[in-house]
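Please work through the following exercises with the sequence and the structure in view. Each task is followed by a solution in steps.

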Amino acid sequence: MSIDAISQVRAAEREAEEIVREASEQARAKVALAENSGRRALSEAEQTAAVEAAKVAEASRKEIARKAEETRKAVAAREKQVKDTAKVKWGMALTLAVEKAVKSVGNL
């Protein structure tokens, strides 16, 4: 092989090595960019999820408070109803007890 041919082969090898090195650098840069983009997307998704979770938690707290108030009102209404019924029945029981006592005294 002539010196010119050897020089040309070496130049082609250096050029090929440079092409490989540049392609490798470009690939590393693209991978780094993709990793950064992925981290940003993950961070944004986590932030969005946290905001949505807070909204759901607040809505749940409000719904629980609303249902608790409804239940409290229903219990209070039922309590009043039972007390009113008890007053009427207590009065009737007293009346019957007095009538029975009077009748038993009258039979003496």
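The exercises below concern a predicted model, and they proceed from the whole chain to single residues.

**Exercise 1. Overall form**

Task: Determine how many helices and strands the protein chain has, and compare its radius of gyration with that of a compact globule.

Solution: 
- Step 1. The protein chain contains one helix and zero strands.
- Step 2. Along the principal axes, the C-alpha atoms occupy a box of roughly 155 × 20 × 10 Å.
- Step 3. Arg14 and Lys55 are separated by 41 residues in sequence, and their C-alpha atoms lie 61 Å apart in space.

**Exercise 2. Surface and charge**

Task: State what share of the residues of the protein chain counts as buried, and describe its accessible surface and its charges.

Solution: 
- Step 1. A residue is buried if its relative accessible area is under 20%.
- Step 2. The accessible surface amounts to about 9600 Å². Carbon and sulfur atoms account for 63% of that surface.
- Step 3. The protein chain carries 21 positive and 18 negative charges, and the mean positions of these two sets are 20 Å apart.

**Exercise 3. Salt bridges along the helix**

Task: Find how many salt bridges the model has, and examine the pairs Glu70 with Arg66, Glu79 with Lys83, and Lys80 with Asp84.

Solution: 
- Step 1. A salt bridge requires a side-chain nitrogen of Lys or Arg within 4 Å of a carboxyl oxygen of Asp or Glu. The count is ten salt bridges.
- Step 2. In the pair Glu70 and Arg66, the closest N and O atoms are 2.3 Å apart. Both residues belong to helix H1 (residues 3–106), where they are four residues apart, about one turn of the helix. Glu70 counts as partly exposed because its relative accessibility is 45%, and Arg66 is partly exposed at 39%.
- Step 3. In the pair Glu79 and Lys83, the closest N and O atoms are 3.3 Å apart. Again, the two residues lie in helix H1, four residues apart, about one turn of the helix. Glu79 is partly exposed at 41% relative accessibility, and Lys83 is partly exposed at 49%.
- Step 4. The side chains of Lys80 and Asp84 form a salt bridge with an N to O distance of 2.8 Å. Lys80 counts as exposed because its relative accessibility is 52%, whereas Asp84 is partly exposed at 33%. Because they are four residues apart in helix H1, about one helical turn separates Lys80 from Asp84.
- Step 5. Salt bridges with shared partners also link Glu63, Arg66, Lys67 and Glu70 into one network.

**Exercise 4. Two arginines**

Task: Decide for Arg72 and for Arg14 whether the residue is buried, partly exposed or exposed, and name the side chain with which Arg72 makes a polar contact.

Solution: 
- Step 1. Arg72 lies in helix H1, and helix H1 is also the place of Arg14.
- Step 2. Exposed means a relative accessible area over 50%, and partly exposed covers the range between this limit and the one for buried residues.
- Step 3. Arg72 has a relative accessible area of 47%, so Arg72 is partly exposed.
- Step 4. Arg14 has a relative accessibility of 52%, and therefore Arg14 counts as exposed.
- Step 5. The side chain of Arg72 is in polar contact with the side chain of Glu69, at 2.6 Å.

Note on methods: Residues numbered from 1 in each chain as written. Predicted model: local features only at pLDDT ≥ 70, side-chain atom pairs only at ≥ 80, totals over all residues. Heavy atoms only, no water. Buried < 20%, exposed > 50% of the residue type's maximum accessible area, 1.4 Å probe, protein only. Areas by Shrake-Rupley, 256 points an atom, 1.4 Å probe, with all protein chains shown as cover. Lys, Arg positive; Asp, Glu negative; His and termini not counted. Charge placed at Lys NZ, Arg CZ, Asp CG, Glu CD. Polar contact = N/O pair within 3.5 Å; in protein donor to acceptor, adjacent residues only side chain to side chain.
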